[in-house]
Amino acid sequence: MPIFKDKKYFRVDLEKKLDESLWIRCKSCGQLVFKRRVRENNNICPHCGAYFFLTAKERLESLIDPGTFIDISEPIMDDDPLTFTDTKPYPKRIEEAQEKTGLASAIILGSATVTEIPIVIGVMEFQFIGGSMGSVMGEQICRGMEEAIQRRVPFVLVSSSGGARVQEGIFSLMQMAKVAAVRTRLGDEGIPFISIMTYPTTGGVQASIASLGDVIIAEKGATIGFAGRRVIKDTIAEELPEDFQTDAFALAHGVIDRVVPRESLKEELGKLLSLFAEVA
Amino acid sequence: MSDEQTLDLLEAKIKELRELNETDGIDLSAAIAELEEKLAVLRREMYSNLSEWERVKLARHPERPYTLDYIGMVFTDFYELHGDRLSGDDPAMVTGLARLDGRTVAVIGEQKGRSVEENKQRNFGMPRPQGYRKARRIMRLAERFSFPVITLIDTPGAYPGLAAEENNVGEAIAVNLATMARLRTPIVATVIGEGGSGGAIAIGVADRILMLENAIYSVISPEGAAAILWKDKDKVKEAAAALSLTAPRLHELGVIDAIIPEPLGGAHRNPAQAAAALKDALIRNLNELVPIPTDELVVARYNRYRGIGRYRTLTER
Ligand SMILES: [Zn+2]
């Protein structure tokens, strides 16, 4: 594929801080707040309590024990199997997403500990083409599950995705089957799989790996569902309730086990993992 | 006038001349032969080089044979089974047992409606969670008795709506994917019309994936892609082409195993012929799959899906 620049694979280093801006404006209350204070406050606005959008790296930092993350991803990057162009060529979209996020793909995969319990963890990056699942994400998720089996540690996946990577056509659809197939091996091997759904967990990701957790936790404020409001409106023009596909809606309809506020997520994950500690 | 209408007109003319030929005793055979020749040439021209969008229209043709039409022509002793045993029965998903070439098989297929009334009942072939869960129940049943599973895919997608979300359609699809990946009996999936995204693959994980020549299979509809990626509802033709959703293209990409030929002009031009080709393909594939020891079969299926995807492997910095 000559359209791709010749690239080397780059791994995630959480210790390397890139964003040096001091202040951030809260979208909810409009206040300008000191970024470090926001970070110390679990990325929650100290003024109004609104959640700041988390990048995958920030999410990872917020969940794991400091300094324990090791990138274990496969050195792979998106290809362009269909030579897909919509308003811009797919490879261009990928490059822009890489520049914007500093990530190789829409998922970070590594080993870490949570309250000293070793895990394999994958975290999706919504800012990388909507966190969409293409061949690379599918492969990294499978690689993560296999690594969890190898190490006999729980697998944790934090979803933040609009669904399938449309630009990879049928290959992105097939990733749903791929990750579901490999997920069955965790069950065979007695390896726990904790699925954490955040804003948003929809489409082909919700209809595959994210819904197959032994335990499914939703972060407060998550959007969870298969077909979004717009699709439903365009297809059947149905009137939808105010709380449609909110965390509360998902909990009420048995889609998830629990809704957890951001500030308790790490602690709850640690508690839950400790209950599985005997088996893994 | 569309090409399709030209074809219809020519066919009507020929029929008219034939009747005249018989009733009035005038010899019109030369004229008939000439028109038939014209018709054949036109058909071949029209259908040898269909654009992706034309294929989409054929795959959605209102007269195209649907699941129950094929079931009637391909299988014998079809015995329909209903209900997911949890909350309902979904008429957009037809399931049952039947006989094919002397073997008992489980048949699972998405069913569109022919009339407005029937479409209301069958939701234009868009299954609800109850449909996917019924399908899964039948798969498990098939597994218990080592009946091969035959699925017929023909859906614009899973039914999008409030009730579907309340019943967690995403989970219904996800669990089907996981179930089919490891089901201990052969599975042959055929896209007979529209293979619409998650709603299609939810009954599409298989040892063999076949497509009728003019069927389509895609992660998103051309309309959806046009709206989301092009932000222009009129870009459906561009979207259809970009998505690589036709059978020849998907075969080239190695995602499907075989293309089942359709009569010239599409399956609706000669449903019996299309059904015969489908039957032939199903029997051939089952004859190959059934003798394979189950462990081997399931490992091969697992490896197929484990290996699916296209990416570049890089050296590290
Ligand atoms: Zn605020």
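The model is predicted: local features need pLDDT of at least 70 and side-chain atom pairs pLDDT 80 or more, whereas totals for chains, interfaces and linings use all residues. Residues are numbered from 1 along each chain as its sequence is written, chains are lettered from A and ligands numbered from 1 in the order in which they are written, and side-chain values use heavy atoms, with hydrogens and water left out.

View 1. Strands (E, at least two residues) and helices (H or I, at least four) are DSSP runs numbered from the N terminus, and two strands pair if DSSP finds at least two bridges between them. Eight of the eight residues of β5(A), residues 107-114, are buried, so the strand is largely enclosed by the rest of the structure. Buried means under 20% relative accessible area, exposed over 50%, and partly exposed in between (1.4 Å probe, protein chains only). I107(A), L109(A), S111(A) and T113(A) point one way, and I108(A), G110(A), A112(A) and V114(A) the other. L109(A) has G122(A) in β6(A) as its bridge partner. Strand β3 (residues 70-71) of chain A runs antiparallel to β5(A) and is joined to it by two bridges; D71(A) stands opposite G110(A). Two residues lie between the strands in the hairpin of β5(A) and β6(A), where T115(A) takes a positive phi near 40 degrees.

**View 2. The interface of chain A and chain B.** Contact (heavy atoms within 4.5 Å) involves 66 residues of chain A and 51 residues of chain B. The buried area, which is the accessible area (1.4 Å probe) that two parts lose on being put together, summed over both, is about 5,200 Å², with 67% given by carbon and sulfur atoms. Three salt bridges cross this interface, a salt bridge being a side-chain nitrogen of Lys or Arg within 4 Å of a carboxyl oxygen of Asp or Glu. E146(A) forms a salt bridge with R306(B), the closest N and O atoms being 2.6 Å apart.

**View 3. A salt bridge within chain A.** E219(A) and R262(A) form a salt bridge, with 2.8 Å between the closest N and O atoms. The pair links distant parts of the chain, 43 residues apart: E219(A) is in strand β9 and R262(A) in the loop between β11 and α9. E219(A) is buried at 3% relative accessible area, and R262(A) is buried at 8%.
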